[in-house]
Amino acid sequence: MPFHWFLPTAGDSHDIVSGGQASLTADTSRPPDIRYLALVARAAEQAGFEAVLTPTGTFCEDAWLTTAALLGETERLKFLVAFRPGLISPTLAAQMASTYQRISGGRLALNVVTGGEATEQRRFGDHLGHDQRYARTAEFLRVVRGAWSGTPFSFRGDHYDVENATVRDAPDPVPPIFFGGSSAAALPVAAQHVDTYLTWAEPPAAVAAKLDAVRTLAKEAGRQLTYGIRLHVISRDTADEAWAVARSLLDRVPASEIERARKQFAATESEGQRRMAELTTGDSLEVAPNLWAGFGVVRPGAGTALVGSHAEVAARIAEYQALGLDHFILSGQPHLEEALRFGENVLPLLSKLGER
């Protein structure tokens, strides 16, 4: 059961939101310079994580360049590089991935982010609508895989027209492709073109329903995927201590920023973001045992965290694993300390559970 961590290329701090993911003026006391990111990467490697997810967007440093610079700072850690299809040529993306795989010794994985918000896409000059972006992603991935095939690949679709796409040498191994999306336009793309389908953490029943939907589509396409989940963790020696940390995180968020975030989420095009926001509207932010929606009150993207004692967090992860999840992509504030805390206290418990 691979565990992955998160590389805070927008900056890090003790707050829920930092480094530009929202307009919140939180303490970004640790800028994303290469020295600090190297500390986080080495801590993740030391703690036993397989890879680190690196985000994409105008709020953070470029994922390709940053992770390439960190290859020499680590030995076995893999880099799950997020990128947006449609902003560069698929043949160029295939070439970049092939080169990266060779110079890293096979330490690249790709996280395809189609883009859920039109305002962010327009910053890159992309004016396609939501469903059109997913259709373009499907074509993009066809060309990427074709260019990796070892045989010149030609394709003409609604968004791409390429002739004899190829790369110098096919990547070995071929980088696994991760992909997330909750809308009706997203799920067929996952079923037909990717290796691992990712979901943000919702209560287990909702996650199970989403995985079943993708499995059905994948079976119809004659394919079998692996599955992953993205969430935060607040794990402490006792449950009381963990919940105190969670409350303190939210207590530091100004009420004006919570209201601003609610308006932003109400206008979202992203089905996943809409589902995260819905989890914050009930009487309690503990939306399932040990699953806290407090991050999603103000933070865009993954909005839930597992909160509890080390044993409770391990037990909840085991329950998600039983749904058929293979990959767990985790994060915590700050990312340096929380990577080591999780590796020292929770991963050993999960190893024991796996031995039973």
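Two residues are said to be in contact when heavy atoms of theirs lie within 4.5 Å, and the legends below use the word in that sense for a model that is predicted.

View 1. Arg84 sits in the loop that runs between β3 (78-83) and α3 (90-104). Because its relative accessibility is 9%, and buried means under 20%, Arg84 counts as buried. If neighbours within four places in sequence are left aside, the residues in contact with Arg84 are Thr56, Gly57, Val113, Gly115, Glu120, Gln121 and Phe124.

View 2. Sorted by class, the lining of the second largest pocket consists of 10 nonpolar, 2 polar and 3 charged residues.

**View 3. The largest nonpolar core.** In soluble globular proteins, nonpolar side chains tend to be buried together. Here the largest nonpolar core has 77 residues, and Phe3, Trp5, Phe49, Phe179, Tyr197, Leu330 and Phe342 are those with the most contacts inside it. Apart from this core lies another, of 23 residues, which includes Leu249, Met276, Ala277 and Leu285. When residues up to four places away in sequence are not counted, Phe3 touches Phe49, Glu50, Ala51, Ile317, Phe328, Leu330, Phe342, Leu347 and Leu350.

View 4. Most residues other than glycine have a negative phi, and most peptide bonds are trans. The peptide bond from Asp172 to Pro173, however, is cis, with omega near 0 degrees, and Pro173 is placed in the loop between β6 (161-165) and β7 (177-180). Gln333 and Pro334 are likewise joined by a cis peptide bond, whose omega is about -10 degrees; Pro334 belongs to the loop between β13 (327-331) and α12 (335-345). Asn164, found in strand β6, has a positive phi, near 55 degrees, although this residue is not a glycine. Asn290 also has a positive phi without being a glycine, at about 70 degrees, and lies in the loop between β10 (286-288) and β11 (291-292). With a relative accessibility of 7%, Asn290 counts as buried.

Notes: Residues numbered from 1 in each chain as written. Predicted model: local features only at pLDDT ≥ 70, side-chain atom pairs only at ≥ 80, totals over all residues. Heavy atoms only, no water. Helix = DSSP H or I, 4+ residues; strand = E, 2+ residues; numbered from the N terminus. Buried < 20%, exposed > 50% of the residue type's maximum accessible area, 1.4 Å probe, protein only. Nonpolar A, V, L, I, M, F, W, Y, C, P; charged D, E, K, R; others polar. Core = buried A, V, L, I, M, F, W, Y, C linked by side-chain atoms within 4.5 Å.
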